[in-house]
Amino acid sequence: MKKDLGILQAVYPMPVLMIATYDEEGNVDVMNAAWGNICARDKIALFISEPHKTTKNIRKIKAFTVSISDKAHMDGADYFGIDSANDVEDKFERTGYTAIKSDKVNAPIIDEFPLVMECELAEIVETDNLHAVVGTIVNVAADEEVIDENGKVDPRKLNAISFDNFQSGYYEIGDKVGQAWDAGMKFKK
């Protein structure tokens with residue numbers, strides 16, 4: 001029997017996304033966001049609100065990068081969700097991480113994170129119930145260490161972490177348990 005838990009953000013796992021931008025002076029800003037996902041073949045939607053420095057930067061610069069955080073950089077990723085660049089001017093510098101200017105979009109790539117999507121602003125969707133920054137993915141780059149012999153990203157090598165809204169924890173994403181578009185074929189008639 002299920003027990004009523006009330007209203008919860010009960011989606012698990014949630015990604016640990018690092019959204020990086022430049023401000024008008026060229027300073028690097030990175031925020032941790034769990035509310036985001038792919039919304040089309042070449043689009044990503046980030047559900048981040050207007051007051052974030054990152055949102056303000058995206059509105060002005062019209063570009064950003066989205067990195068997948070990994071276990072090795074969990075502490076830095078967590079810090080990017082603790083302090084706001086609205087309040088802490090040297091937020092990025094405090095981590096000691098390295099920013100490299102993308103040659104595809106006007107946004108920084110955080111070198112420590114193993115996978116990055118380089119994005120141009122497609123649109124910002126604002127309704128009474130939604131504020132979404134939608135980006136067009138113009139390139140994806142990954143560290144060679146996370147690419148398999150077929151040239152594809154190997155999730156086991158990526159060591160991505162997920163966020164859990166239930167207990168505010170980070171969890172390493174584990175082993176493959178099945179093959180998509182195959183595991184359920186037994187039910188196809």
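**Close-up views of a predicted model**

**View 1. The open sheet S1-S11-S12.** Three strands make up an open sheet, ordered S1-S11-S12, with antiparallel pairing. Strand S1 (14-15) and strand S12 (169-172) are the edge strands, each with a single partner strand, so one side of each has no neighbour in the sheet. Strand S11 (residues 161-164) is joined to S12 by four bridges, and the two run antiparallel. Across this pairing, isoleucine 161 is opposite glutamate 172 in S12. Two strands count as paired if DSSP finds at least two bridges between them; helices (H or I, at least four residues) and strands (E, at least two) are DSSP runs, numbered from the N terminus. The model is predicted: local features need pLDDT of at least 70, side-chain atom pairs count only at pLDDT 80 or more, and totals for chains, interfaces and linings use all residues. Residues are numbered from 1 along each chain as its sequence is written, and side-chain values use heavy atoms, with hydrogens and water left out.

**View 2. The hairpin of S4 and S5.** Strand S4 (residues 36-40) pairs with S5 through four bridges in the antiparallel sense. Two residues lie between these strands, which form a hairpin. Glycine 36 faces leucine 46 in S5.

**View 3. Helix H2 and its surroundings.** Helix H2 (residues 74-82) has Gly76, Ala77, Tyr79 and Phe80 buried (buried means under 20% relative accessible area, exposed over 50%, partly exposed in between; 1.4 Å probe, protein chains only). Viewed down the axis of H2, these buried residues fall within an arc of 160°, so they line one face of the helix; the arc is that of the directions from the helix axis to the C-beta atoms. Asp75 and Ile82 are exposed, on the face of H2 turned away from its buried side. Strand S2 (17-22), strand S3 (28-33) and helix H3 (91-95) are included in what covers the buried residues of H2.

**View 4. Histidine 73.** Histidine 73 sits in the loop between S6 and H2. Its relative accessibility is 18%, so histidine 73 counts as buried. Apart from neighbours within four places in sequence, histidine 73 contacts Tyr97, Glu112 and Phe113 (contact means heavy atoms within 4.5 Å).

**View 5. The largest nonpolar core.** This core has 20 residues, of which Ile19, Ile44, Leu46, Ile48 and Phe64 touch the most other members. A nonpolar core is a set of buried Ala, Val, Leu, Ile, Met, Phe, Trp, Tyr and Cys residues joined through side-chain atoms within 4.5 Å. Two or more residues come from each of S2, S3, strand S5 (43-46), strand S6 (63-68), strand S9 (115-126) and strand S10 (131-142). S9 contributes the most, four residues. Not counting residues up to four places away in sequence, isoleucine 19 touches Asp29, Val30, Met31, Ala33, Leu46, Ile48, Thr54, Ile58, Phe64 and Thr65. Another core, of 18 residues, lies apart from this one, and Val28, Ala77, Tyr79 and Val88 are among its members.

**View 6. Cysteine 39 and cysteine 119.** The structure holds zero disulfides (a disulfide is a pair of cysteine sulfur atoms within 2.5 Å). The sulfur of cysteine 39 is 10 Å from the closest cysteine sulfur, that of cysteine 119, which is too far for a bond. Cysteine 39 is partly exposed at a relative accessible area of 46%, whereas cysteine 119 is buried at 0%.
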